[in-house]
Amino acid sequence: MANNRSQPPPVADSSQYSDGHPLDEVQYLECKLILKPDRFTAAKVFLDYGKLVAKTAKEFGVGLANKDVVLKPAIREVVFLDTADFRLYNNAFILRQRVAYESGFPAGEPEIVCKFRHPDLQKAAALDMRPNIAGNYRIKFKAEALPLKDQVGGFRLLFSHNVQFPWSQAPEGDRTSMATLARVFPALAALKTSDNDRVELVNQTIVEEVLQDLGVLDFGKGITADSNISIWRERGTHHPMCGEFAFQARFKRREDVHEKTMARCQQFFIALQQSAHDWLILGATKTALVYRLKGNPPQSHE
């Protein structure tokens, strides 16, 4: 949703935020498979994986509109920001900046995302993520499905409560200062321990994301999902970190999603793990891999 407000309350009770606004509800289901990076040696590999997706979709009666898909990967630059002791990530927050490129140049301004990602739905919903800015912003509350951490053939859920906006919407000031960030994102205020707290690039790493659309999946009853595949690599060294296949569906209310549609989505997600199990990395997220690049892994709620 797009909105603007001046002084958002950071605290919520069990059913509403402190200004009486009802708790945000999950309106997205995003299913993700983290893939081994060594297979991504050329752009055509994106479409090779797309063939596996198409074959599995056909077996489970899932439609796939991919006739207009052309091999034209997009480039995005991604960085994560955190304190030196990873205070945000240790408390289930992720602060990310991303910018898209077209023909080698930035397309628009950087987008900033602050998210609280946690396996407990109530904890994720209860945290008021609305920012203290005069401009427009967007709240996205997702259920993110990942494979089980130790085996193929199931799924686990993380609940990601996000706010995002272009950096130009944020107030002027030192945007690496936790004091500034705590004013912009009141949900982070409890993590500021002194006026000298700052954030920096996590592990001094800039991620280059190469992203390819694979088409639109149709699970029936009006539920469709855009699908894509990507590789993440370190900018500069081009060291490949991981690949990812993902598809995301949006709905107004969970009650509006037919049970058969949800079951077909789950079956497809599990079957794709099994049909391409030799591609998978289990027990990982893209964010976690960036945080673990140089050892000393932080505590994680993922």
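**Figure 1. Across the whole structure, a search identifies 15 aromatic pairs.** The rings of Phe40 and Trp279 form an edge-to-face pair, because their centres are 6.2 Å apart and their planes stand at 80 degrees. Rings of Phe, Tyr and Trp (for Trp, the six-membered ring) are paired if their centres lie within 6.5 Å; planes under 30 degrees apart are called stacked, over 60 edge-to-face, and the rest tilted. The structure is a predicted model, in which local features need pLDDT of at least 70 and side-chain atom pairs count only at pLDDT 80 or more, while totals for chains, interfaces and linings use all residues. Residues are numbered from 1 along each chain as its sequence is written, and side-chain values use heavy atoms, with hydrogens and water left out. Phe40 belongs to the loop between β2 (28-35) and α1 (44-59), and Trp279 to the loop between α5 and α6 (286-291), so this pair ties together parts that are 239 residues apart in sequence. Helices (H or I, at least four residues) and strands (E, at least two) are DSSP runs, numbered from the N terminus. Both Phe40 and Trp279 are buried, a term that means under 20% relative accessible area, as against exposed at over 50% and partly exposed in between (1.4 Å probe, protein chains only).

**Figure 2. Phe165 and Phe185 form a stacked aromatic pair.** The distance is 5.7 Å centre to centre, with 25 degrees between the planes. Phe165 is part of strand β9 (residues 156-166) and Phe185 of the loop between α4 (178-184) and β10 (200-201), so the pair ties together parts that are 20 residues apart in sequence. Phe165 counts as buried because its relative accessibility is 2%. Phe185 is likewise counted as buried, at 2% relative accessibility.

**Figure 3. An aromatic cluster includes Phe40 and Trp279.** Arg39 lies over the face of Trp279, 4.5 Å from the ring centre. A charge is taken to sit over a ring if NZ of Lys or CZ of Arg is within 6 Å of the ring centre and within 35 degrees of the ring normal. In another such arrangement, the charged end of Lys140 is placed over the ring of Tyr28, at 4.9 Å from its centre.

**Figure 4. The largest pocket has a volume of about 980 Å³.** Rolling a probe the size of a water molecule over the atoms shows where empty space is left. On a 1 Å grid over the protein atoms alone, a pocket is an open set of points with protein on both sides within 12 Å along at least five of seven lines, a cavity is a set of points where a 1.4 Å probe fits but cannot get out, and lining residues have an atom within 4 Å of a point. Grid points are joined across faces, edges and corners, and a volume is the space filled by probe spheres set on the points. Of the 43 residues that line this pocket, Glu30, Arg76, Arg98, Lys142 and Asn228 lie nearest its centre. The lining divides into 16 nonpolar, 9 polar and 18 charged residues. Here Ala, Val, Leu, Ile, Met, Phe, Trp, Tyr, Cys and Pro count as nonpolar, Asp, Glu, Lys and Arg as charged, and the others, Gly among them, as polar.

**Figure 5. The second largest pocket holds about 350 Å³ of space.** Its lining has 22 residues, and Val26, Ala143, Leu157, Phe251 and Arg254 are those nearest its centre. Two or more lining residues come from each of β2, α3 (121-126), β8 (133-146) and α5. The most, 4 residues, are given by α5. By class, this lining has 16 nonpolar, 2 polar and 4 charged residues.

**Figure 6. The model has 2 cavities of 30 Å³ or more.** The largest cavity has a volume of about 50 Å³. Its lining consists of Leu29, Phe219, Ile223, Ala249, Phe251, Val257, Thr261, Met262 and Cys265. Helix α5 (residues 259-275) provides the largest share, 3 residues.

**Figure 7. Val290 lies in helix α6.** Val290 counts as buried because its relative accessibility is 1%. Apart from residues up to four places away in sequence, Val290 touches Phe80, Val202, Asn203, Val207, Trp232 and Met241; contact means heavy atoms within 4.5 Å.
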